[in-house]
Amino acid sequence: IYSPLDLGALETALGWLVQRHSVLRTVYELFDSEPRQHVKPRTDRVLEVIDAADWTTERRQDAAMGRYRHPFDLRNGPIFRAVLWQAGESDSTLLLVMPHLAIDGWSLWLLLDELQQCYRAAVSNEPEPWIDAPPMAYTDFVKWQADMLVSSAGESLWAYWREQLRGVPAVLDLPTDHSRPKRQTFNGGICTAEVDPVLCATLEGIALKEGTTLYAILLAAFQVLIYRHT
């Protein structure tokens, strides 16, 4: 953030967001070995401010990455972390961290848009921009979907996909360099590769032409690769 920042307004805005969206106050406890949601009525102070006036940019980046990688305590919370490193009057780094259990990429952009609206209102000493809670929560959508799946419409969908996938092998027989382990562990790894800038520009052009995202184009290419090997 390369502009003067009102810390009080930012903390107020973040507090409004957490109160507005119950998923940011939700923790996950075990009852009879089953995870259950518990929405806390309120939350403690949201924003942590760190004086980074004598820090290098690299030190700030390393600190942010460390906070980003720090695991969440799903049982006790908080599920939403906000940390601000202040290096100067017009030089700050704000980190917002939430687990995928609470938010997805699309929702993140909506949340950032709401944060800007809340911050502007707090700076101007105006009331919270929204009087009422959102008309529908994600849990409402989940309940609707669960009810649909056990209805006649859901049974029709199940029947369709059972027919579509009839005869499909239970195990994907890929030409791997090692035999499959006897017990599946889901252990994974990361393989990093750079894409040629010309190829990347071409893929972005295809995505633009087709009205889709680069992610969808790469996923389609991966599906073609899997199809060729199976």
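The model is predicted, so to speak of local features we need pLDDT of at least 70, side-chain atom pairs count only at pLDDT 80 or more, and totals for chains, interfaces and linings use all residues. Residues are numbered from 1 along each chain as its sequence is written, and side-chain values use heavy atoms, with hydrogens and water left out.

**Stop 1: the cores.** Select Leu10, Leu14, Phe80 and Leu111, the residues with the most contacts inside the largest nonpolar core, which has 24 residues. A nonpolar core is a set of buried Ala, Val, Leu, Ile, Met, Phe, Trp, Tyr and Cys residues joined through side-chain atoms within 4.5 Å; buried means under 20% relative accessible area with a 1.4 Å probe, protein chains only. Now colour helix H1 (7-20), strand S4 (81-88) and helix H3 (105-123), each of which supplies at least two residues of this core. Helices (H or I, at least four residues) and strands (E, at least two) are DSSP runs, numbered from the N terminus. H1 gives the most, with seven residues.

Next, show Ile50, Trp55, Val83 and Trp85, which belong to a second, separate core of eight residues.

**Stop 2: the largest pocket.** Centre on His21, Val23, Ser107, Ala137 and Tyr138, the closest to the pocket's centre among its 24 lining residues. A pocket is an open set of points on a 1 Å grid over the protein atoms alone where a 1.4 Å probe fits, with protein on both sides within 12 Å along at least five of seven lines; lining residues have an atom within 4 Å of a point. H3 provides the largest share of this lining, four residues.

**Stop 3: the second largest pocket.** Finish at Thr43, Arg45, Pro78, Ile79 and Phe80, which lie nearest its centre.

Note on methods: Buried < 20%, exposed > 50% of the residue type's maximum accessible area, 1.4 Å probe, protein only.
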